[in-house]
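Morning, everyone. Have a look at the screen.

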Amino acid sequence: MSVALHDADLAYRSRVTGETYIGYIKWATPVAHWMRSSPVLYWILRPVVLAWALDMEARQRKTRGPWLGRILSDIGEPLCHCIGKWVLAKEARTSWKKAS
């Protein structure tokens, strides 16, 4: 991934909710680790990751990204938001139990 694409993806972070970002980090961190440790998985997922990143860049520029990236963003963002809400709710329940 180019530095410009990476920077555009970081800028895109400011456009999503905190819950969405937390949900994204929750699943993307282990996937990135698996991709680094498995060349086969890297080559399988690389086009998907790149399409999503290109769509994030396109949305920053207010243009149309690749169709696969648009689909992934349209499905992935709400999914990440739900995961993030679940993570925060789970943390709240855990901290409530510890306080009791």
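Start with the side chains of aspartate 55 and arginine 59: a polar contact of 2.6 Å joins them. Keep in mind that this is a predicted model. The pair also meets in a salt bridge, at 2.6 Å from N to O.

Where do aspartate 55 and arginine 59 lie? Both are in helix α3. They sit four residues apart, about one turn of the helix. Helix α3 itself covers residues 39–61.

Now, buried or exposed: what is aspartate 55? Aspartate 55 is buried, because its relative accessible area is 1% and the cut-off for buried is under 20%. Arginine 59 is another matter. Its relative accessible area is 23%, so arginine 59 counts as partly exposed.

What does aspartate 55 touch, leaving out residues up to four places away in sequence? The list is Gly65, Pro66, Gly69, Arg70 and Ser73.

Next, the other partner of arginine 59. The side chain of aspartate 74 meets the side chain of arginine 59 in a salt bridge, 2.9 Å from N to O. Aspartate 74 belongs to helix α4, residues 67–99, while arginine 59 belongs to helix α3, so this pair ties together parts that are 15 residues apart in sequence.

Asp55, Arg59 and Asp74 are linked in a network of salt bridges. Arginine 59 has a salt bridge to aspartate 55 and a salt bridge to aspartate 74.

How many salt bridges does the structure hold? Three. We still have to cover the one between glutamate 57 and arginine 61. Here the closest N and O atoms are 3.8 Å apart. The cut-off for a salt bridge is within 4 Å, so a pair at that distance counts. Glutamate 57 and arginine 61 are both in helix α3, and because they are four residues apart, about one helical turn separates them. Arginine 61 has 52% relative accessibility, so it counts as exposed; the cut-off there is over 50%.

To recap. Aspartate 55 is buried, and its side chain meets arginine 59 in a salt bridge. Arginine 59 is partly exposed, and also pairs with aspartate 74 in helix α4. Glutamate 57 and arginine 61 form their salt bridge at 3.8 Å. Over to you.

Conventions
Residues are numbered from 1 along each chain as its sequence is written. This is a predicted model: local features need pLDDT of at least 70, side-chain atom pairs count only at pLDDT 80 or more; totals for chains, interfaces and linings use all residues. Side-chain values use heavy atoms; hydrogens and water are left out. Helices (H or I, at least four residues) and strands (E, at least two) are DSSP runs, numbered from the N terminus. Buried means under 20% relative accessible area, exposed over 50%, partly exposed in between (1.4 Å probe, protein chains only). A polar contact is a pair of N or O atoms within 3.5 Å; within protein, one must be able to donate a hydrogen and the other to accept it, and residues adjacent in sequence count only if both atoms are side-chain atoms. Contact means heavy atoms within 4.5 Å.
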